[in-house]
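Q: I am new to this structure, and I would like to learn how its pockets and its aromatic rings can be read. Could you take me through them step by step?

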Amino acid sequence: RYSLFYNHLKNIEESEGGLDKFTKSYKTFGVNQLADGGIYCKEWAPGAEAVFLAGDFNGWNPFSHPYKKLEYGKWELFIPPEDGCSPVPHGSKLKVVIRAQNGALLYRISPWARYVVRDEDKVNYDWVHWNPPQSYIHKNPSPKRLKSLRIYESHVGIASPEGKVASYKNFTYNVLPRIKDLGYNCVQLMAIMEHAYYASFGYQVTSFFAASSRYGTPDDLKEMIDVAHSMGITVLLDVVHSHASKNSEDGLNQFDGTDSCFFHSGYRGNHQLWDSRLFDYANWEVLRFLLSNLRMWIEDYRFDGFRFDGVTSMLYHHHGIGTGFSGDYNEYFGLHVDEDALCYLMLANHMISSLHPDCITIAEDVSGMPALCRPVAEGGGGFDYRLAMAIPDKWIQIIKELKDEDWNMGNIVHTLTNRRYEEKYIAYAESHDQALVGDKTLAFRLMDAEMYTNMSVLMPLTPVIDRGIQLHKMIRLITHALGGESYLNFMGNEFGHPEWLDFPRIGNNESYHYARRQFNLTEDDLLRYKFLNAFDRDMNKLEERFGWLASPQAYVSEKHESNKVIAFERAGLIFVFNFHPYQSYVDYRVVIWHSSLTVAFKYKVLLDSDAGEYGGHQRLDHNTEYFSEEYPHNYRPNSIMV
């Protein structure tokens, strides 16, 4: 794999003048404004017989501005300035006109288009030339690479209690302060790359270089990222390079009139489950397109890194469809692995780490591909983190299938600690996947219909709500503290958002009722959502203070099946969880890590899920001091009584 990567890198050096020049193509492809006021256009359309530019600027004459054919399927056009001004004004609508091999004229949006919009009375998007007289100027430097990532997974369009598409401006001034207050230091933005179908959650991308216009302008997004940086918040983009929308009128599909171009032709170029097109990662121009795309998002918008979606689909020719992964190495090495896709990911991570070393990359891979998060120089994939996707599945399985008294402590600990050596994992109890219609969030699984009737503090605390609130806090804390080297939460889940997520579509009469986040619930003192919100905030603030995510993996001292107790130590803190449904313990002995003590250590309670401000029963006295003893317990020489 490293050999394949090295050969690609060597070829880029020899034929393109290096990776830096190769990935700057976003500055020359598409339609670009020159310093003298002229316009330079460049496209890759290997299957085209001829290429033209049409739009408002030439009265939509499809033949007045022909491109000149270059080598390797490339085409270019230069339009001189008119009286020192641009011949294509800012805000003009444009189309690339392709004469296909069968003679048909195809009106296409450039794959490199920076801004596309859809009028309310139209189905398809229009390409708009974006060249404002004064672009947004970033005022704040990007944050340095964080040691502990606490990620708030977000979607701009649903980030409002109102049933509408929310804006970048709303996120900037109403949501970012909330994220900061909750103690998250990183926001991961979904559905930013333009997608024609809103209900696709941003995963059916049509314009890869365009920020979604349904939330506002490119400058609005730049301001949003700049304000996040002023708060010390790192901003990641959920990037979709695993597949593309099948749209041809306003997407990449059949751009030059052929079935291939950016994609594999025939069966290999189609994803059977996602109904989308699959990139040909062995193609030189596809590599240019995708690598330049990453660089554009970093350098133009100042994103601090990426979460790569659908990595499992990229890594294997079977795309993970109907395939289970047990961890056997035969599942990761063989002809079923798409080495071209893996090589692209290595190139992407190498480029990012070389040109922007503070940027972060995350792999969404369910298969457990070995070395995916090891450096490229070791033959690894080069990612910084991978998602611990087994953890949310485990919590769902436990809550769905087991009685409280049947919870297996050893199995919980195994799932939370079972990760590849020296590869960093992002732990999460639930993400956007569990919030979607057809699935259930943890809060909804725990409390279900009673969330609509019994979340008021004026109502008696029912057993269902009591159990749900307490387990919601415990599950999130043990996942945060034991499950990885980073933590992720999907917006609204921190306070147990009471409804699922469903975008407007024909099946729900195009309703926005469930395409929103009811942040207002946490601001109502009469509702119990405030307890979960406060616990999530203080949990993050405690990690910020002690940095357990950046500390070595925890030492687990107890997995007691009959007592339902899990105890471990990490970053100098002792975590003790009692999952027993009805049994509390007095004078419970817990191991401390120190192998020898010359003085007794003193401990105090820092975070207590049973505290009153978190909706607990206040059964612990926080003024109590606990002292270590040279008393052997669980094969360690020292312990404390709690």
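Predicted model: local features only at pLDDT ≥ 70, side-chain atom pairs only at ≥ 80, totals over all residues.

Q: Which helix gives the most to the lining of the largest pocket?

A: That is helix 12, which contributes 7 residues. Helix 12 spans 463–482, and both this helix and strand 24 (573–578) supply at least two residues of the lining.

Q: What can be said in the same way about the second largest pocket, its volume and the residues closest to its centre?

A: The second largest pocket has a volume of about 1,000 Å³. It is lined by 39 residues, and those closest to its centre are Trp274, Asp309, Glu364, Met389 and Asp433. Helix 6 (311–315), helix 8 (390–401) and helix 10 (432–435) each provide at least two residues of this lining, which divides by class into 17 nonpolar, 16 polar and 6 charged residues.

Q: Turning to the rings, how many aromatic pairs does the structure hold, and how is a pair described?

A: A pair of aromatic rings is described by how far apart the centres are and by the angle of the planes. The structure holds 44 aromatic pairs. In one of them, the ring centres of Phe279 and Tyr281 are 6.2 Å apart and the planes stand at 50 degrees, so the pair is tilted.

Q: Are Phe279 and Tyr281 buried or exposed?

A: Phe279 is buried, because its relative accessible area is 1%, and Tyr281 also counts as buried, because its relative accessibility is 4%. Both residues belong to a cluster linked by ring pairs, whose members include Phe29, Trp44, Trp112 and Tyr344.

Q: Where does a charged side chain lie over the face of a ring?

A: Lys222 lies over the face of Tyr301, at 5.3 Å from the ring centre, and Arg589 lies over the face of Tyr631, at 3.7 Å from the ring centre.

Key:
Residues numbered from 1 in each chain as written. Heavy atoms only, no water. Phe/Tyr/Trp six-rings, centres within 6.5 Å; stacked < 30°, edge-to-face > 60°. Buried < 20%, exposed > 50% of the residue type's maximum accessible area, 1.4 Å probe, protein only. Lys NZ or Arg CZ within 6 Å of the ring centre and 35° of its normal. Helix = DSSP H or I, 4+ residues; strand = E, 2+ residues; numbered from the N terminus. 1 Å grid on protein atoms, 1.4 Å probe; cavity = no way out; pocket = protein on both sides within 12 Å on 5 of 7 lines; lining within 4 Å. Points joined across faces, edges and corners; volume = space filled by probe spheres on them. Nonpolar A, V, L, I, M, F, W, Y, C, P; charged D, E, K, R; others polar.
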